[in-house]
Structures are given as structure tokens and as C-alpha cells.
Amino acid sequence: MRIACPLCGERDSREFSYKGHALALERPAEDAGVAAWDDYLHNRDNPAGLTQELWFHDMGCASWLVAERNTVTHEFGAVRLAEDVKGAKP
Amino acid sequence: MIELKPLSPATGLLPLDIGGVTLREAEMAALTLIAPYMGREAQLTEALEAAHGLGWPQAGETSASGAARLIWFGRKQAVLVGAAASAKLAAHAALTDQSDAWSCVVLEGAGARDVLARLAPLDMRDVAFPVGATARTEVFHMACSITRIEAQSWQIMGFRSMAKTLVHDLQVAMEGVAARAKPALT
């Protein structure tokens with residue numbers, strides 16, 4: 001697999017490590033309640049098809065990326081910096 | 001009084017010359033990691049231009065002015081080599097002296113690219129990786145920085161604590177490339 005890092009260009013997947021679904025970026029408010037936090041921490045869909053994932057370019061530029069991947073074909077779609085998806089806060 | 005003698009990271013390991021490819025240690029130089037504070041990128045670029053005559057390198061690029069070189073070193077990071085960082089940069093970026101943290105070696109020769117091709121998953125054709133290009137990538141499972149400093153000359157930076165591993169991995173690859181070279185017709 002090859003992943004197109006927005007900074008480094010297309011690189012071999014061995015340079016990256018996988019974190020999990022990009023849902024992790026949508027952190028509930030502190031007072032959102034037990035149900036919302038339980039859902040955030042433990043519940044993930046398991047789609048056959050397109051999914052949004054967090055990848056870390058640890059051997060490269062050290063960016064967190066949100067990558068679209070097809071779980072059936074392992075084909076990658078758009079890859080964006082997590083910073084741009086989430087919005088960076090000083 | 002005891003006088004301490006500085007030792008370079010690859011002391012006693014280099015230089016190597018195998019099959020026409022040489023591996024030598026780069027001169028020990030001051031390395032300063034420059035990481036701009038959020039929202040201060042424009043001011044830092046101005047300060048760099050004023051103090052060192054250097055532009056901020058985009059991803060995969062280096063900028064040079066005289067002996068000073070600024071090497072892109074990852075997201076929102078660059079490392080200044082060959083010059084002491086001006087104190088004026090400190091208002092806009094975190095400056096970290098990393099002179100002791102890295103081992104810098106230079107791989108040179110006609111087969112140098114073939115040696116690197118065995119170790120790094122990088123497109124190193126001239127169109128993709130011209131002189132002055134740089135990349136953070138891996139050299140045989142180890143995170144490194146590779147910069148093409150001349151047409152047949154690559155600078156490789158690895159963690160100082162892993163200098164022996166870096167030299168060993170490069171040596172094995174150099175021997176492999178040399179062994180594969182076509183024997184001269186007799």
C-alpha cells in the first residue's frame with residue numbers, strides 16, 4: 001500500500017502507523033454524559049467499503065493524517081492533515 | 001586539569017570505501033532545530049531572511065546561504081546547519097540545540113543511489129529527488145533524514161545513539177551493491 005502524505009508525497013505504507021477510525025477526533029464535551037463517552041471510546045462501525053482513518057507518518061514528517069481507505073480493496077482516497085480536518089487550536 | 005576531547009558519533013567506524021562508494025562522517029557542526037510558534041510563521045520567515053539570508057524550506061526542500069543550510073525536518077520543523085542560530089529567531093520559534101543528538105554521514109559515489117535504494121522506500125530518481133531535495137524517511141527500519149547535497153552525494157542523519165547501527169546497515173548495503181556489480185570482462 002502507498003499513502004499520499006499531503007507533505008511528503010506518495011510514500012510506502014511502512015513509514016506510517018495506524019491508529020483507528022477518525023471518529024477519535026470527534027471528542028464529546030466533558031459533560032456529555034456517560035452514554036456519549038462510552039460510545040466515543042468503545043463503539044466503532046466495521047464497514048465493508050470506504051472509511052476514514054487516522055494514520056501517523058511516524059517515519060516521515062510526523063504528521064497525523066485523516067485518510068480515506070476502502071476496507072475491501074485497501075485503496076486509499078483523499079488524505080488530509082488531521083490539523084486541517086480538526087482545526088488547529090493554539 | 002582534565003581536558004575532555006570531543007568524539008564524533010561515528011568515531012572509529014568511518015570512513016568506508018566499498019566498490020567505489022564511500023561513506024564518511026560529515027564534520028561536526030552546530031545543529032539547531034527550529035519549530036515556528038503557531039501563527040508566527042510569517043514573522044519567522046522575515047527574521048530568518050534578515051539574520052541568515054535563508055528562506056523557510058517547504059516540505060522536502062532545503063535552503064542555503066553561504067555555509068548555512070536550513071533543512072526541512074518534518075511538519076513545521078527545520079534544522080539549521082553550519083551557522084549558530086540568531087537569537088532574534090527565538091521570539092518566533094522554539095530553538096533547540098541538537099548538535100549532540102544526530103549522527104551525520106555522507107554517502108558518495110556512482111553507486112550511492114543503489115545503496116540507498118536498498119534501505120529507503122523513497123523515489124530517488126533525478127526528477128523526484130534533485131540536488132537540494134530532502135526527506136524524512138526510514139533507513140532500514142530507522143527514522144532518518146536524507147538530503148541530496150550533490151549529484152552523487154547524499155547526507156544521512158540518524159540518531160546519535162544509533163550511529164553504529166546506521167553505519168552497519170549502510171555498510172551491508174554497500175557490500176551488497178559491490179557484490180552485484182558486473183565483473184570486468186577479461
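Me: Which charged end sits over the ring of Phe73(B)?
Reply: This is a predicted model, in which local features need pLDDT of at least 70, side-chain atom pairs count only at pLDDT 80 or more, and totals for chains, interfaces and linings use all residues. Residues are numbered from 1 along each chain as its sequence is written, chains are lettered from A and ligands numbered from 1 in the order in which they are written, and side-chain values use heavy atoms, with hydrogens and water left out. A charge sits over a ring if NZ of Lys or CZ of Arg is within 6 Å of the ring centre and within 35 degrees of the ring normal. At 4.5 Å from the centre of the Phe73(B) ring, the charged end is that of Arg136(B).

Me: Thanks! Why is strand 5 of chain B largely enclosed by the rest of the structure?
Reply: Helices (H or I, at least four residues) and strands (E, at least two) are DSSP runs, numbered from the N terminus. Buried means under 20% relative accessible area, exposed over 50%, and partly exposed in between (1.4 Å probe, protein chains only). Strand 5 of chain B covers residues 68-74, and it is largely enclosed because the buried ones number 6 of the 7.

Me: What is the bridge partner of Arg69(B) in strand 6 of chain B?
Reply: Two strands pair if DSSP finds at least two bridges between them. Strand 5 of chain B is joined to strand 6 (residues 77-81) of chain B by 5 bridges, and the two run antiparallel. Arg69(B) is also the bridge partner of Ala64(B), while in strand 6 of chain B its partner is Val81(B).

Me: Which residue in the turn between strand 4 and strand 5 of chain B has a positive phi?
Reply: Strand 4 (residues 62-65) of chain B pairs with strand 5 of chain B in the antiparallel sense, over 4 bridges. The two form a hairpin with 2 residues between them. A positive phi of about 65 degrees belongs to Gly66(B).

Me: And which residue takes a positive phi in the hairpin of strand 5 and strand 6 of chain B?
Reply: This hairpin also has 2 residues between the strands. The positive phi, near 55 degrees, is taken by Lys76(B).

Me: Over in chain A, which strands stand at the edges of the open sheet?
Reply: In chain A, 4 strands form an open sheet with antiparallel pairing, in the order 3-4-5-6. Each edge strand has a single partner strand, so one side of each is left without a neighbour in the sheet; these are strand 3 (17-21) and strand 6 (76-81) of chain A.

Me: Which residue stands opposite Ala67(A)?
Reply: Strand 5 (residues 64-70) of chain A runs antiparallel to strand 6 of chain A, joined to it by 4 bridges. In strand 6 of chain A, the residue opposite Ala67(A) is Val79(A).

Me: How many disulfides does a search of the whole structure find?
Reply: A disulfide is a pair of cysteine sulfur atoms within 2.5 Å. The sulfur of Cys61(A) has its closest cysteine sulfur in Cys5(A), at 3.7 Å, too far for a bond. For Cys144(B), the closest is in Cys104(B), at 10 Å, again too far. Over all chains, the number found is 0.

Me: Is Cys61(A) buried or exposed?
Reply: Its relative accessible area is 2%. That makes Cys61(A) buried.

Me: How many aromatic pairs are there over all chains, and what kind is the pair of Trp37(A) and Tyr40(A)?
Reply: Rings of Phe, Tyr and Trp (its six-membered ring) pair if their centres lie within 6.5 Å; planes under 30 degrees apart count as stacked, over 60 as edge-to-face and the rest as tilted. The search finds 6 such pairs. For Trp37(A) and Tyr40(A), the centres are 5.5 Å apart and the planes at 85 degrees, so the pair is edge-to-face.

Me: Which rings are linked with Trp55(A) into a cluster?
Reply: Trp55(A) and Phe76(A) form an edge-to-face pair, 5.7 Å centre to centre with 70 degrees between the planes. Trp55(A) is buried at 7% relative accessible area, and Phe76(A) counts as buried at 17%. The rings joined to Trp55(A) in the cluster are Tyr18(A) and Phe76(A).

Me: How far apart are the end C-alpha atoms of helix 3 of chain B?
Reply: The expected span of a helix is 1.5 Å times one less than its number of residues. With 18 residues (163-180), helix 3 of chain B should span 26 Å, and the distance between its end C-alpha atoms agrees: 26 Å.
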